[in-house]
Amino acid sequence: ADVIEWSNDMSAEIWRYHDGAWTKVRKAPTFLGPGGYRYPEGIGYRYMTTFKDKYGVEAIYAGVGQGFGTTLLIKSTDGTNWNKVRFGQVPPPYDTRTMTVHNGKLYVGMGFGGTGAVFGTDDPNPTTDTWVKVAEFDADFGIGALKSFNGYLYAVTWEGIGVGGFHVWRSNAQAPSDPTLGDWTLVVDGGAGDNWNPMGADIESFKDNLYVGSMSLPIVSDEQPSLHAPKGFDLIRVDKEDNWDLIVGNYQVPPERQTVPRGPPLSGWPSGFGNPFNFYCWQLEEHCDLLYLGSFDATSFLRFIPIDII
């Protein structure tokens with residue numbers, strides 16, 4: 001009974017805003033899994049985008065984050081009724097937090113357990129698995145973000161905690177098809193100069209440049225996990241020639257953390273906009289000629305720490 005209650009409570013939802021009101025249009029179904037317990041399709045829908053397939057049919061697609069079953073994506077042509085997109089390229093369960101449309105195809109990056117794989121198709125449908133692998137990077141925790149920019153596909157990886165910084169890759173072909181690294185060029189290495197930037201959080205184009213924000217956690221993953229000092233996210237800018245500059249980040253990186261040389265932050269702001277608990281640059285979005293950045297401030301958890309251990 002407790003598992004059933006947990007499964008129902010943790011089921012992800014999709015809500016639609018229309019005519020000044022919100023309506024729930026999807027609650028993740030539950031299913032009977034190993035051990036006879038019920039599990040939700042996923043505890044989050046981490047990314048949504050629209051895409052017009054090769055037949056000219058436009059739909060909205062949602063990616064399952066932290067899923068438990070065999071569903072990676074769902075789609076809807078009316079915003080209310082949802083169907084599972086057929087996918088079976090790697091063993092389930094599935095997780096994704098990124099999709100992008102590029103040169104007439106929908107691309108999806110695998111999350112936890114996906115080893116950095118990227119798949120694309122021009123016909124995502126409920127009955128046939130039409131996906132083709134176009135990349136597989138050696139990323140412990142998968143793909144953090146994808147973006148179509150300057151005619152090419154860009155991918156940001158999660159390299160894991162304590163093993164090095166995030167990478168930014170660019171496809172060498174405008175229509176990438178080869179999953180080997182020979183079809184991709186490394187643009188940004190080593191967490192943009194700081195290996196305490198293990199994960200790339202989001203990527204967005206703005207005024208002929210790409211902006212990439214990082215994620216950090218004060219955890220060192222080894223046989224005996226430990227903590228290090230908290231550090232806020234960094235933000236970098238990549239131009240069309242694949243040169244990058246630091247926009248938000250610490251002025252100095254200790255030698256033991258430094259991976260590649262970098263200059264001071266061009267905005268004047270240190271990591272996390274000066275807040276070391278601003279761990280995530282969670283999302284970037286261009287709107288009305290301005291670039292917006294949403295963060296995750298971990299001090300929101302402080303109220304849950306028992307006062308007797310502070």
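Among contacts in the protein chain between residues at least 6 apart in sequence, what percentage join residues at least 24 apart? In this predicted model, the share is 48%.

The overall dimensions of the protein chain provide the setting for that value. A compact globule of 310 residues would have a radius of gyration near 19 Å, and the protein chain has 20 Å, so the two agree. The C-alpha trace spans about 55 × 50 × 45 Å along its principal axes. Of the 310 residues, 46% count as buried. The protein chain exposes about 15,200 Å², and carbon and sulfur atoms supply 53% of that area. As to secondary structure, the protein chain contains two helices and 24 strands.

Strand E14 illustrates how these strands are arranged. E14 comprises residues 152–157 and is mostly covered, with five of its six residues buried. Which strands pair with E14? One is strand E13, residues 143–149, which pairs with E14 in the antiparallel sense over six bridges. Within this pairing, Ser148 stands opposite Leu153 of E14. E13 and E14 form a hairpin that leaves two residues between them, and in the turn Asn150 has a positive phi of about 55 degrees. Another is strand E15, residues 168–171, which runs antiparallel to E14 and is joined to E14 by three bridges. Here Ala155 stands opposite Trp169 of E15.

Side chains of opposite charge can pair when their charged atoms come close. A search of the whole structure finds 11 salt bridges. One of them joins the side chains of Arg170 and Asp242, at 2.6 Å from N to O. Arg170 lies in strand E15, whereas Asp242 lies in the loop between strand E21 (235–238) and strand E22 (244–248), so the pair ties together parts that are 72 residues apart in sequence. Are these two residues buried or exposed? Arg170 has a relative accessibility of 16% and therefore counts as buried; Asp242, at 17%, counts as buried as well.

A further salt bridge is formed by the side chains of Asp194 and Arg257, with an N to O distance of 2.6 Å. Asp194 belongs to the loop between helix H2 (190–193) and strand E17 (199–206), and Arg257 to the loop between E22 and strand E23 (278–287), so this pair ties together parts that are 63 residues apart in sequence. Both Asp194 and Arg257 are buried.

The side chains of Glu136 and Lys133 likewise meet in a salt bridge, at 2.8 Å from N to O. Glu136 counts as partly exposed because its relative accessibility is 35%. Lys133 is also partly exposed, with a relative accessible area of 25%. Elsewhere, Glu13, Lys24 and Lys27 are linked in a network of salt bridges.

The loop between E22 and E23, which holds Arg257, also contains Gly263. Gly263 has a relative accessibility of 36% and therefore counts as partly exposed. Between Gly263 and Ile247 the C-alpha to C-alpha distance is 9.5 Å, and the two residues are 16 apart in sequence.

Attention now turns to strand E5, residues 42–52, in which Thr49 lies. Thr49 has a relative accessible area of 18%; the cut-off for buried is under 20%, so Thr49 is buried. With which residues is Thr49 in contact, leaving aside its neighbours within four places in sequence? The partners are Ala59, Ile60, Tyr61, Met99, Val101 and Leu106.

Trp6, Met10 and Ile43 make a nonpolar surface patch of about 230 Å². Met10 is found in helix H1, which covers residues 2–10. The relative accessibility of Met10 is 31%, and Met10 therefore counts as partly exposed.

Notes: Residues are numbered from 1 along each chain as its sequence is written. This is a predicted model: local features need pLDDT of at least 70, side-chain atom pairs count only at pLDDT 80 or more; totals for chains, interfaces and linings use all residues. Side-chain values use heavy atoms; hydrogens and water are left out. Patches are made of residues with over 30% relative accessible area and no salt bridge: like charges are joined within 9 Å, nonpolar side chains (Val, Leu, Ile, Met, Phe, Trp, Tyr) within 5 Å. Accessible areas come from the Shrake-Rupley method with a 1.4 Å probe; for residues, only the protein chains shown count as cover. A salt bridge is a side-chain nitrogen of Lys or Arg within 4 Å of a carboxyl oxygen of Asp or Glu. Helices (H or I, at least four residues) and strands (E, at least two) are DSSP runs, numbered from the N terminus. Buried means under 20% relative accessible area, exposed over 50%, partly exposed in between (1.4 Å probe, protein chains only). The radius of gyration is taken over C-alpha atoms; the globule rule is 2.2 Å times the number of residues to the power 0.38. Contact means heavy atoms within 4.5 Å. Two strands pair if DSSP finds at least two bridges between them.
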